[in-house]
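I opened my notebook to get to know a structure that was new to me. Here is what I looked up, in the order I went.

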Protein chains: 2
Amino acid sequence: MTAPRLLDVAEAAGVSRATASRVLAGTPRNVDPELARRVEEAAHRLGYQANHSARALRTGTTGTVGVVVPSLANPYFVQLADAIAQHVRAAGGTLVVSDAANDPAIEAEQIDTLLGGRVDGLFVVPVSAGESGPAIRNAAARRPVVLFDRWAEGSGTVAVTLDNAAAVRLLVDHLEQTGRHRIALVAADQASSSGAERLAAFTELQGDGATTVLLPNFTTDAGRTAGRRIVEQRDRIDAVVCGADVLAVGLVSTLHRSSVPVPGKIAVTGFDDTEILELFDPPITSIRHPLSAMAERALTLLQAPSRERTERVERFQPQLVVRASTDTGS
Amino acid sequence: MTAPRLLDVAEAAGVSRATASRVLAGTPRNVDPELARRVEEAAHRLGYQANHSARALRTGTTGTVGVVVPSLANPYFVQLADAIAQHVRAAGGTLVVSDAANDPAIEAEQIDTLLGGRVDGLFVVPVSAGESGPAIRNAAARRPVVLFDRWAEGSGTVAVTLDNAAAVRLLVDHLEQTGRHRIALVAADQASSSGAERLAAFTELQGDGATTVLLPNFTTDAGRTAGRRIVEQRDRIDAVVCGADVLAVGLVSTLHRSSVPVPGKIAVTGFDDTEILELFDPPITSIRHPLSAMAERALTLLQAPSRERTERVERFQPQLVVRASTDTGS
DNA sequence: AATCCTTGGGAGATCGATTTCCGACATGCT
DNA sequence: AGCATGTCGGAAATCGATCTCCCAAGGATT
């Protein structure tokens, strides 16, 4: 009981493999409607499904694209992958998702695995702005690659990202308009382009005296560490801008435990607008990425001729989502 | 500048394709060390990477396994996929993850896509105990399939799951030992085997008078709805067992807003022990699945001859993780 | 010295679908 | 009627790697 092949369908329909292929693969070539019907019928009856490897070998294309994200443990990247999946599926393709475990070496490995003939093209959310470049450049020389949400130096390809500076400005402006003027930043993952840009934008806005707490990566644990440091300085600040939602969540929880009222004493903002924010008490103000539009643009670039993927950064505008964590203190 | 083929490597090394293949694919056949060295060198110099489709077509195996989970929006399934990925990678394979959007129809589609020659075998966490069966049975007739975490009726294959009844008993016993006797259950997703088993175990333990709040699915929003109902009944109960962490999180947040102290007035437990629990205030008591052991067993079954995958359910023992959400009320 | 193994390289078949190319037939035009 | 034109089915080449044979060379055995 082995799987039916195209030949089996063709024989059952009384036609040649060529005709069967034309009907089933939809080649731009007319086939007698009666024959087509017989082929369709036979294929359906036998439960025929084209062998993916054979088709890929012959056509040189797999109908699959991949995306490598830094870590699926961060719900933001799950949302991001989902946004891309929507558009890929709408275009008739399949998306496979890989996790780089926040490690450029594993990232390079995942890229290589996917490019070993499994995908037609690749989206990468680079782990590191400095270290991810070479592996991506190699990949981009073999297949279309588009960076998403973050860029990497020397990648040799285009990046579709958020305008992080504008996002930080939105947050700081919002806080100042609600009467907060002693704002601190909790930033993580300065190795990534997004982390670095957010930090840079904040220090530019606030000058050298800016209060910043820097952490190695975007985890909830790091957020709690930050919480302790903020608690120590509670009297010198009245608002904290976090570089990621997971940081904000950890921070708010620590402030709670230390009985520092949010937003009563300190206002807190997140970044990325992941779903968990709404669950929190208080719900946390954040920045929403236009993920769907970004995904659409990225897919267009991936399918465009390579000359349109020159190394550069395209930026999309963020949107501020105000929630209770930044209500006026009064 | 097209990709180098095996033939190119063979010519560069001055040997035949057969020899080059034997060296690079590691066939159990001796090759002169000198020739082997020349082949390796040539392959490295040309940056040769075997064409995945061609190899898959010839060998009939892809080195890839898939897993279809109900939804990646639930962090538990992300953890689960990660546990499987660890073991698959350790065995030299690749894992691709698909999201069924909590819909049996999409689930069936994802299964079909993956089985169209992309994977050697498949893990499925079925969306529905009643409706997922047929699609899985079809799949299992074509390739090895192992169910994970949940089972489905008529699937025709083995399932590696948690002993949900034991887990509910652990939770209820723990609550009773800490002096809580008016326990309610918030359950969701009764269409899934895990949801149904948890509900059944609870009603069996508590009798017909058991207080239960049933919700259609495992989302945080559902958790909040449950919260409102529990708040209404706050004086009749002193503990709530939630059928999922996401439910517990939404519930605790609602109780907070309604100024019902947790665990002061009501103790709350989760299920699945996802990372977000530790972030909450208070951290939430939960049930930990032995995911790594389960993944290992599931992979073994996937690679075993099909006669070892007769339809049945293998159950692993849960572990109770006590946190502050169930501290004694005093 | 003749024969038998053993070892290891190479020619060619093969996996299953797509696609080029050719030929058969029908139709339209002069 | 004769020839050009167009339509459409089928035979066979093709994608790239693997693997089965077959064969040559060298050593061991009698």
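Which residues of α8(B) are buried? I found Asn164(B), Ala167(B), Val168(B), Leu171(B), Val172(B) and Leu175(B). I call a residue buried if 20 or more other C-beta atoms, placed from the backbone, lie within 10 Å of its own, exposed if 12 or fewer, and partly exposed in between. They sit on the same side of α8(B), because they cover an arc of only 125° around the axis; the arc is that of the directions from the helix axis to the C-beta atoms. On the other side of α8(B) I noted Asp173(B) and Gln177(B) as exposed.

A note on the source: this is a predicted model, in which local features need pLDDT of at least 70, side-chain atom pairs count only at pLDDT 80 or more, and totals for chains, interfaces and linings use all residues. Residues are numbered from 1 along each chain as its sequence is written, while chains are lettered from A and ligands numbered from 1 in the order in which they are written.

Next I checked the helix itself. Helix α8 of chain B runs over residues 164-177, and its 14 residues reach 20 Å from first C-alpha to last, close to the 20 Å expected at 1.5 Å a residue (1.5 Å times one less than the number of residues). Helices (H or I, at least four residues) and strands (E, at least two) are DSSP runs, numbered from the N terminus. Just after α8(B), Gly179(B) has a positive phi of about 85°.

Angles run from 0 to 180 degrees between N-to-C directions, with axes as lines fitted to C-alpha atoms, for helices over the stretch in contact. Contact means C-beta atoms, placed from the backbone, within 7 Å. α9(B) lies across β6, β7 and β8 of chain B, at about 160° to β6(B).

I followed those strands into their sheet. Four strands make an open, parallel sheet in the order β7-β6-β8-β9 of chain B; strands pair if DSSP finds at least two bridges between them. β7 (211-215) and β9 of chain B are at the edges, each with a single partner strand, so one side of each has no neighbour in the sheet. β8(B) and β9(B) are joined by three bridges, and Val241(B) has Thr269(B) as its bridge partner in β9(B).

Last, I looked at the two chains together: 33 residues of chain A are in contact with 32 residues of chain B.
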